[in-house]
Each structure stands twice: as C-alpha cells, then as structure tokens.
Amino acid sequence: MSTPMPALILASTSPYRRELLGRLGLPFETVAPQVDETPIAGETPAAAARRLARAKAEAVAAALPAARADALVIGSDQTATLDGRRIIGKPGGHEQARAQLRAASGREMVFHTALALLRRSDGLVDEQLVQTRVRFRELSDTAIEAYLTAERPYDCAGSAKAEGLGIALLASLDGPDPTALIGLPLIALTGALCRAGLPPIGGLR
C-alpha cells in the first residue's frame, strides 16, 4: 500500500506563481494568506521579501486543521529596488508604472525573491532568497507607452512583466534562476521539496 502524498499548498492566489508551480507537475491547492504587507521602517528590500514570504506560509499553515498539519505550505514574496534601499512595489496603475519605467531606463534593478517552505507537523522551515539583477534598455517615452498599453503590468513589481512583453525592455539578466524573476524560484523550490521528501521527479535528490 503506497504512502499518500502530503498536501502541497501555495500560500498565494497570484496567477503567475500558480502557473510556475504547475510546471513541477505536483498536485497543489492555493490559499490566500491573510498577511499585513505594510513596510517596516528601515527594513531592507531583501529582509522585507524574506519576512513576507515566511509570514504568508505561516498564516496559511496556522489556519490548517490538525488533520492537515503535515501539509507543505509554500510562501513567496518579491521586492525590487533601484538604489539598494528603497523598495519599488507594484505600480497599481498607468501613471505609477510610467514613472517606474522612466526611473529604470538604462539602469539596473535588483529583484529579491524569497521562498519559505513550512510544515507544521514537524516544524520544518526551509527559507531561501534568490537575487536577480536586471539591466534595462534606454527606454523612450514612446516605447514605455507602447509597452504599458500592450501589457498593463500594474500588478508586477517594477512594472517589468518578464514572462511577457516586458522581456523586450531588458538589456540583460543576471541570476541563478530565471523563474525567480517571475515570482517563484523553481530551482530553489525543487531543492526544498526534495529535502522535505516530496521531489517533483521520483529519485530526484
């Protein structure tokens, strides 16, 4: 008799993270985490991403009934910065997105993508942070407007929707995991799942 597969829960309703996790071929469910994402004064972008990724996973894990305490819960968060200190968030609208891309033109933006994998039954906590350096092309106002009209990336940090037309705005990428830029680092997650006993491919370590 085979051992039942532990539940896998993504503490997010982001369509981008849902699509990414689906690539691993494991059954999972999504749950919206109830987390206050208000920035903390003096907190670095990397620290903020780490804190929120864990908080999301903890919020969902804590709400599970005792019978599901062995579920693996995935939390992830991403922040971006142009200057290493100030967090650049999701624009939320056209004007803010235009301002973000004008500021990024010809410059480097660093994305901090944090991952937390938790299991309440045994206290498992596996946390990782993946950094991606992105160099933007010199962007004219015409190019920015054409991109925003076509893509409407108002729910993407830094307004750079790399899984879509936003890739055309970029001159270069430097990072260990291309999926981290989209919002869920699958290379790091695969390692965490293997360590937790749930490899996406049988025999993988």
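Does Gln100 count as buried or exposed, and at what relative accessibility? In this predicted model, Gln100 has a relative accessibility of 15%, so it counts as buried, the cut-off being under 20%. The residue sits in helix H3, which covers residues 94-104. Its side chain reaches over to the backbone oxygen of Gly89, at 2.9 Å. Setting aside neighbours within four places in sequence, Gln100 is in contact with Ile88, Gly89, Lys90, Pro91, Gly158 and Ser159.

One of those contacts, Lys90, also turns up at the largest pocket, where Arg17, Asp77, Gln78, Lys90 and Ala157 lie nearest the centre. The pocket holds about 650 Å³ of space, and 35 residues line it. Sorted by class, the lining has 18 nonpolar, 10 charged and 7 polar residues. Helix H1 (15-22), helix H2 (45-62) and strand E3 (72-81) are among the contributors, each giving at least two residues to the lining.

In soluble globular proteins, nonpolar side chains tend to be buried together. Here, the largest nonpolar core has 23 residues, and Leu8, Leu21, Ile74, Leu184, Leu189 and Leu193 touch the most other members. Two or more residues each come from strand E1 (8-10), H1, E3, strand E4 (108-119) and helix H5 (186-195). H5 gives the largest share, with 5 residues. As for Leu184, its contacts beyond four places in sequence include Leu21, Ile74 and Leu189, along with Arg17.

How values were computed
Residues numbered from 1 in each chain as written. Predicted model: local features only at pLDDT ≥ 70, side-chain atom pairs only at ≥ 80, totals over all residues. Heavy atoms only, no water. 1 Å grid on protein atoms, 1.4 Å probe; cavity = no way out; pocket = protein on both sides within 12 Å on 5 of 7 lines; lining within 4 Å. Points joined across faces, edges and corners; volume = space filled by probe spheres on them. Helix = DSSP H or I, 4+ residues; strand = E, 2+ residues; numbered from the N terminus. Nonpolar A, V, L, I, M, F, W, Y, C, P; charged D, E, K, R; others polar. Buried < 20%, exposed > 50% of the residue type's maximum accessible area, 1.4 Å probe, protein only. Polar contact = N/O pair within 3.5 Å; in protein donor to acceptor, adjacent residues only side chain to side chain. Contact = heavy atoms within 4.5 Å. Core = buried A, V, L, I, M, F, W, Y, C linked by side-chain atoms within 4.5 Å.
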